[in-house]
Amino acid sequence: MLSRRLLIVSQSLLRRSSPLVTSSVSTSSEAQVIDTDRIQKEVFKSISEEVAENQRQRLFAVVYVNGRQWKVSDGDLINLEGNLPLNVGDEIKLEKVLMVGGANFSLFGRPLLDSNTVSVDAVVVEKKTTNPELKYVHLNHHQTKFLNWKSDEATVLRIKSVTAKAVQQ
Amino acid sequence: MPSVPRVDRLKPIYTAAKALNFGWRFSDFLKIPAYNGISRYTNQLHRITVRFCKQSESSVGVRNFIENQIVEIGRKNPSVVIYAQPVRNSNPSIRAEYGNGRTLQINAKNMTETEVSKDFHLLFSRSGEPVVKLESRQSALCPSVQGQWTPITWLPTAMNTESLPAKQFSEHKSTATSATEYILQNQPK
């Protein structure tokens, strides 16, 4: 381990011009990209094959809705807080996709993936009220009792499909 | 109201059995009946009945609602049967029947027209499942696509053949820089 570190240091000493190595303290070694074009092509090709329509692979995606991130896949139900400006039966496309994955690959956006490449379609299946939560206030010897019923509105989405197009270089 | 009771309702006997545990089922998972929305969305509300009194003051809002809005709503939702049922000296109520056999009823006593309209639309957008506390805000058909993570998922396979404890796997790993590493990386000029 130590000898490997020494080797890296000597490399960095040779390349004095790079500011990353000389200025900051870093325990990790520098990432080295080897044979980029060939490997990129291979990766893109294999992901495109995984994603293709005839494969019928189940994909999952991480989408940002309602102030948080959801890991969704085909047929999932998600319960969004609040009475959103949508009607029951409306079909929407969730556009803030942070990540898409299949059984054998994961694609991460920086921070978002292109919304044309990945599409997460959803339907509004229910709009309802949430189960009321009770807030009791009882002050001893003051003859004071309050009972608050707190209930909010909710919108339930069904994820229809998570699909991705072939990755382009 | 017709003198013969309506016979067009789908009310199988097991509906009663489902209503039995209505009171003590406090929490449930998020679900929607009839796989709704998986291929297409269908409205789960089948029929809705508005009961009101023609004279009493408590059903003024309901009467106004029927007069002004109910026809338009009926036109927009051709799949839903809407009944307006005058009942003498009764408290007004809105009763909705859903595809899963459940019935929801809202007491509309002394409600204004706006409040009645709001509740009417709420009943239209419900799926018929009872409102309960949710165990989770999401429910999935397939829990994991890539397989669930376990503590041994990403362990190096070199560990399999080694007899433990071995020195190379017992090293303390830390992100902090040791003094030796610091000197090696920032050599004095």
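**Close-ups of a predicted two-chain model**

View 1. Strand E8 (residues 133-139) of chain A and E9(A) run antiparallel and are joined by 7 bridges. This is a predicted model, like every view that follows. Look for A:Leu134, which sits opposite A:Trp149 in E9(A). The two strands make a hairpin with 4 residues between them, and A:His141 in that turn has a positive phi of about 60°. Strand E9 (residues 144-150) of chain A is hardly covered, with 0 buried residues among its 7.

**View 2. Chain A as a whole.** Stepping back for a moment, chain A has 3 helices and 10 strands. Along the sequence, the pattern goes α-α-α-β-β-β-β-β-β-β-β-β-β. Of the 169 residues in chain A, 22% are buried. Among contacts in chain A with a separation of 6 or more, 65% come from residues 24 or more positions apart.

**View 3. A four-stranded sheet in chain A.** Here is an open sheet of 4 strands, ordered E2-E1-E5-E6 (chain A), with antiparallel pairing. At the edges are E2 and strand E6 (106-108) of chain A; each has a single partner strand, so one side of each has no neighbour in the sheet. From one strand to the next, the twist averages 20°. Zoom in on strand E1 (residues 60-65) of chain A and E2(A): they run antiparallel, with 6 bridges joining them. One pair to pick out is A:Val62 and its bridge partner in E2(A), A:Lys71.

**View 4. Where chain A meets chain B.** In this view, 28 residues of chain A are in contact with 29 residues of chain B. On the chain A side, helix H1 (2-14), strand E2 (68-73), strand E3 (77-81), strand E7 (118-129) and strand E10 (153-164) each supply at least two of the touching residues. E7(A) gives the most, with 6 residues. Sorted by class, the side of chain A that touches chain B has 12 nonpolar, 9 polar and 7 charged residues.

**View 5. Strand pairing between the chains.** Which strand of chain B pairs with E3(A)? The partner is strand E7 (residues 138-139) of chain B, and the two pair in the antiparallel sense over 2 bridges. A:Leu77 faces B:Ser139 in E7(B).

View 6. B:Gln146 is found in the loop between E7 and helix H5 (179-185) of chain B. Is B:Gln146 buried or partly exposed? B:Gln146 counts as partly exposed because it has 13 C-beta neighbours inside 10 Å. Leaving aside residues up to four places away in sequence, B:Gln146 touches A:Gly101 and A:Ala103.

**View 7. A mixed sheet in chain B.** The open sheet shown here has 4 strands in the order E3-E2-E4-E5 (chain B), and its pairing is mixed. Strand E3 (81-86) and E5 of chain B are the edge strands, each pairing on one side only. On average, neighbouring strands of this sheet are turned by 15° against each other, direction ignored. E2(B) and E4(B) pair in the antiparallel sense over 6 bridges, and B:Ile48 stands opposite B:Ala96 in E4(B).

**View 8. The E4–E5 hairpin of chain B.** E4(B) also pairs with E5(B), in the antiparallel sense over 5 bridges. In this pairing, B:Arg95 sits opposite B:Gln105 in E5(B). The two strands form a hairpin with 4 residues between them. B:Gly101 lies in the turn and has a positive phi of about 90°.

**View 9. Helix H4 of chain B on its sheet.** Helix H4 (residues 113-125) of chain B has 13 residues and reaches 19 Å from its first C-alpha to its last, close to the 18 Å expected at 1.5 Å a residue. The helix lies across E2, E4 and E5 of chain B, running at about 10° to E4(B). Which residues of H4(B) are buried? They are B:Val116, B:Phe120, B:Leu123 and B:Ser125. The buried residues of H4(B) pack against strand E2 (45-52), helix H2 (60-68), strand E4 (93-98) and strand E5 (103-107) of chain B, together with E7 of chain A.

**View 10. The annotated stretch of chain B.** An unreviewed UniProt entry carries the annotation "domain: Ribosomal protein/NADH dehydrogenase" over residues 54-127 of chain B. Across residues 54-127, chain B is 39% helix and 23% strand. The end C-alpha atoms of that stretch are 31 Å apart.

Technical notes
Residues numbered from 1 in each chain as written. Chains lettered and ligands numbered in written order. Predicted model: local features only at pLDDT ≥ 70, side-chain atom pairs only at ≥ 80, totals over all residues. UniProt positions renumbered as here; feature names shortened; annotations may be inferred. Contact = placed C-beta atoms within 7 Å. Nonpolar A, V, L, I, M, F, W, Y, C, P; charged D, E, K, R; others polar. Pairing = 2+ DSSP bridges. Expected span 1.5 Å × (residues − 1). Buried ≥ 20, exposed ≤ 12 C-beta atoms within 10 Å, placed from the backbone. Axes fitted to C-alpha atoms, helices over the stretch in contact; angles between N-to-C directions.
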